[in-house]
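Here's a quick briefing to read alongside the structure. Have a look at the picture first, then work through the topics below.

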Amino acid sequence: MSEMNRVPPGVDASRPSPARMYDRYLGGTANFPSDRDAVDRILELVPEIRDAAWANRGFLQRAVRWMAERDIRQFIDLGAGLPTQRCTHEVAREIRPDARVVYTDSDPGVIAHGREILAGVPGTAVIEADFRRPGDLLGHPETRRLIDFAEPAGLLIVALTQFIPDSDDPWALVARYVDALAPGSYLALSAPTADHTVARKVDRIVEVYATSTIPSNTPRTRAEVGRFFAGLAIVPPYRGAASELTSAGLWGCEDPEAAESDGSRLFYVAVARKPKAELAQPVKPTVEQLRIDTSTLAWRRSTDGPGGIEVAFAWITSEEWVLLRLHGDPDGRVSVFSRFEWDCFLDGVRNGEFDGAAF
Ligand SMILES: C[S@@+](CC[C@H](N)C(=O)[O-])C[C@H]1O[C@@H](n2cnc3c(N)ncnc32)[C@H](O)[C@@H]1O
């Protein structure tokens, strides 16, 4: 932890800032009286918010560790906050000492403080960028220097989307960042919810944040948070759990009963994997639709494979299809390969696995 003992240029200390309020929940000292007053007003009615912040920070750290254990060596931490409580590079480097991390935030105080703390830490950068302008971050020279977009990366969007109102379409923004990543990358995202909290508590939180430097604060429903993971494969949050959103404390836990609390339930979280790029699947015609004139097919016999297979080629509306005939099949059945199988087959051909592969 480190003290915020002077006001950095561009920082408005008279109004609470969400980054410094969060630092205060976590017991940090990088905050000012306006932040402490705002936090006190919330704690008066929602004492579990401290626990929620810890559960959320714990989720971030467990998710980073989990990704590093799966060989993720580069991370983009959006809305990273003040680097006062075990940061992403510290956690990742316990597993991957060469891990690289780009931290970004829109709060000038976070940037000033972050640069001070991370100055001279190789393989890290602190970039001032607004989440709503993905191009600024993705095209930034420091991002390009540290992140290889051809390799899987860990994208962290933790306790940030509540500051992006629906009118700015946070779902499209998250998708824009995910699109830039290589298949095999992971997204870790957490977002606060009002699903389990009485209205007067939620109103107090929203009311206090409305006086802050980022006045918009939108808790979201389970379905709304789930939409951030569209097109991604959510991983099971803990052993034996279904692959779905969970509360912050449960993610990566050993004992779900002990890990759950009112604070934990203030956040929905998940980690999800970006799948391999889908190849456009041509509509798979039936054999009848193909109306194949077998006399026009060029058969080639494979030299290996179970039972020895024969393959044939057909051209249908400019799509090239490969057909497979199994030796000894009593029905002489012909099945059409999928596009994926087609690509695997071509790989086999290129690797010389078939006879007479001169096509
Ligand atoms: C609650 S803190 C979360 C910090 C950290 N991600 C964590 O979960 O431990 C939210 C952070 O999001 C940042 N933030 C809010 N709106 C932002 C925006 N439009 N662009 C970038 N950062 C933003 C705030 O400045 C703050 O540091």
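Are α2 and α9 roughly parallel or roughly antiparallel to each other? Their axes cross at roughly 175 degrees, and angles under 35 degrees count as roughly parallel, over 145 as roughly antiparallel, 65 to 115 as roughly perpendicular and the rest as oblique, so α2 and α9 are roughly antiparallel.

Keep in mind that this is a predicted model, where local features need pLDDT of at least 70, side-chain atom pairs count only at pLDDT 80 or more, and totals for chains, interfaces and linings use all residues. Residues are numbered from 1 along each chain as its sequence is written.

**The whole chain**

- The protein chain has 13 helices and 12 strands; these are DSSP runs numbered from the N terminus, with helices being H or I of at least four residues and strands being E of at least two.
- Of the 359 residues in the protein chain, 36% are buried. Buried is when 20 or more other C-beta atoms lie within 10 Å of a residue's own, exposed is 12 or fewer, and partly exposed is in between, with C-beta atoms placed from the backbone.
- Take the contacts in the protein chain with a separation of 6 or more: 65% of them come from residues 24 or more positions apart. Two residues are in contact if their C-beta atoms, placed from the backbone, lie within 7 Å.

**Helix α2 and its partners**

- Helix α9 (residues 199-209) and α2 have axes that come within 9 Å. Axes are lines fitted to C-alpha atoms, for helices over the stretch in contact, and angles run from 0 to 180 degrees between N-to-C directions.
- On the α2 side you'll find Ala38, Arg41, Ile42 and Leu45, which meet Arg200, Lys201, Arg204, Ile205 and Val208 in α9.
- By class, this contact of α2 with α9 has five nonpolar, no polar and four charged residues. Ala, Val, Leu, Ile, Met, Phe, Trp, Tyr, Cys and Pro count as nonpolar, Asp, Glu, Lys and Arg as charged, and the others, Gly among them, as polar.
- Helix α1 (residues 18-25) also packs with α2 (residues 33-45), at an angle of about 65 degrees and with axes 9 Å apart.
- Here Arg20, Met21, Arg24 and Tyr25 in α1 meet Asp35, Arg36, Ala38 and Val39 in α2.

**Helix α4**

- Thr88, His89, Val91, Ala92 and Arg93 are buried in helix α4 (residues 88-95).
- What do the buried residues of α4 pack against? They pack against α3, β1 (74-78), β2 (100-105), β3 (124-128) and β4 (154-158).
- The axes of α3 and α4 are 8 Å apart, at an angle of about 35 degrees.

**Around the ligand**

- Ala19, Gly79, Gly81, Ser106 and Phe131 come nearest among the 21 residues around the ligand. A residue is near a molecule or strand if its C-beta atom, placed from the backbone, lies within 6 Å of it.
- At least two residues of the shell come from each of α1 and α3 (49-69).
- Sorted by class, the shell has 12 nonpolar, four polar and five charged residues.

**Two loop residues with a positive phi**

- Most residues other than glycine have a negative phi.
- Arg86, in the loop between β1 and α4, has a positive phi of about 20 degrees although it is not a glycine.
- Asp169, in the loop between β4 and α8 (170-179), has a positive phi of about 50 degrees.
- Why does Asp169 count as partly exposed? Because it has 13 C-beta neighbours inside 10 Å.
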